[in-house]
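Subject: Structure for your files

Dear colleague,

Here is the structure I said I would pass on. Please look it over before reading my notes below.

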Amino acid sequence: MRNLDTAHMTRTAQADQTPRRPSTEAALRDDPVVWLSSVQPDGRPHLVPVWFLWDGDRILAFSKPHARKVDNLRDQPSVMLAIGTPGPEFDVELIEATAELPDEPATSVIPEGFGAKYRELLHRAGLTVQRFAEVYSQPIVLRPTRFLDYGGHGWDRGPAFAS
């Protein structure tokens with residue numbers, strides 16, 4: 001398995017040039033899943049959690065090649081992602097992104113950092129990084145186009161909730 005380009009992994013690009021909240025950066029770095037919402041051919045939403053790695057510019061996830069989400073992304077690459085843990089301030093980030101489905105197999109593009117991030121979960125599932133990449137062989141590159149802060153201070157001070 002080869003690493004993604006190290007310079008690329010350390011860049012911090014911001015799709016819309018708006019500074020992100022520290023909680024967003026922490027969630028992108030540390031959370032175990034990002035929720036990926038795609039659109040089915042009949043217009044219904046399809047929402048699934050995916051393991052991922054954030055490189056400061058894009059989100060790299062993996063899927064079984066014939067999964068519903070992959071078919072959806074082939075037809076409609078515009079997606080919405082949600083990340084974060086709603087706590088007292090309901091700090092959750094919604095991210096608009098465009099999905100790409102590279103032809104390269106996951107085994108050739110999965111970064112080293114993926115194994116480190118998911119060491120415990122892979123162990124609990126009885127998987128090695130190599131086996132994970134063989135089963136979830138379709139890479140999904142998600143390029144954020146807009147970050148939408150959701151929640152935060154003020155939601156509890158009035159009759160209306162964030163929408």
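Residues are numbered from 1 along each chain as its sequence is written, and side-chain values use heavy atoms, with hydrogens and water left out.

Confidence

The average pLDDT (the predictor's confidence in each residue, from 0 to 100) is 84 for the protein chain, and 80% of the residues score at least 70. Residues 1–14 fall below 50, although this stretch has 33 contacts in the model beyond near neighbours in sequence; a contact means heavy atoms within 4.5 Å. Residues 157–163 also stay under 50, with 5 contacts beyond four places in sequence. Where pLDDT is low, the predicted coordinates should not be read in detail.

Overall make-up

The protein chain has 7 helices and 7 strands, where helices (H or I, at least four residues) and strands (E, at least two) are DSSP runs numbered from the N terminus. Their order from the N terminus is α-α-β-β-β-β-α-β-β-α-α-α-α-β. Of the 163 residues, 36% are buried, that is, under 20% relative accessible area, with exposed over 50% and partly exposed in between (1.4 Å probe, protein chains only). Among contacts with a separation of 6 or more, 72% are between residues 24 or more positions apart.

Strand S4

S4 pairs with S3 (residues 52–54) in the antiparallel sense over 3 bridges; two strands count as paired if DSSP finds at least two bridges between them. Leu53 is opposite Leu60 in this pairing. The two strands form a hairpin with 4 residues between them, and Gly56 in the turn has a positive phi of about 95°. S4 also runs antiparallel to S7 (residues 138–150), joined by 5 bridges, and Ala61 has Ile140 in S7 as its bridge partner.

Ser63 belongs to S4 (residues 59–63) and counts as buried because its relative accessibility is 0%. Leaving out residues up to four places away in sequence, Ser63 touches Lys69, Val70, Val135, Tyr136, Ser137, Gln138 and Ile140.

Core

The largest nonpolar core has 36 residues, of which Phe52, Phe62, Val79, Leu81 and Leu142 touch the most other members. Such a core is a set of buried Ala, Val, Leu, Ile, Met, Phe, Trp, Tyr and Cys residues joined through side-chain atoms within 4.5 Å. Phe52 is in strand S3 and is buried, because its relative accessibility is 0%. Beyond four places in sequence, the contacts of Leu81 include Ile59, Leu94, Ile95 and Leu142.

Helix H3

In H3 (residues 68–75), Lys69, Val70, Asn72 and Leu73 are buried. They span an arc of only 160° around the axis, which puts them on the same side of H3; the arc is that of the directions from the helix axis to the C-beta atoms. Their cover includes S1 (34–39), S2 (45–50), S4, S5 (78–83), S6 (92–100) and S7.

Regards
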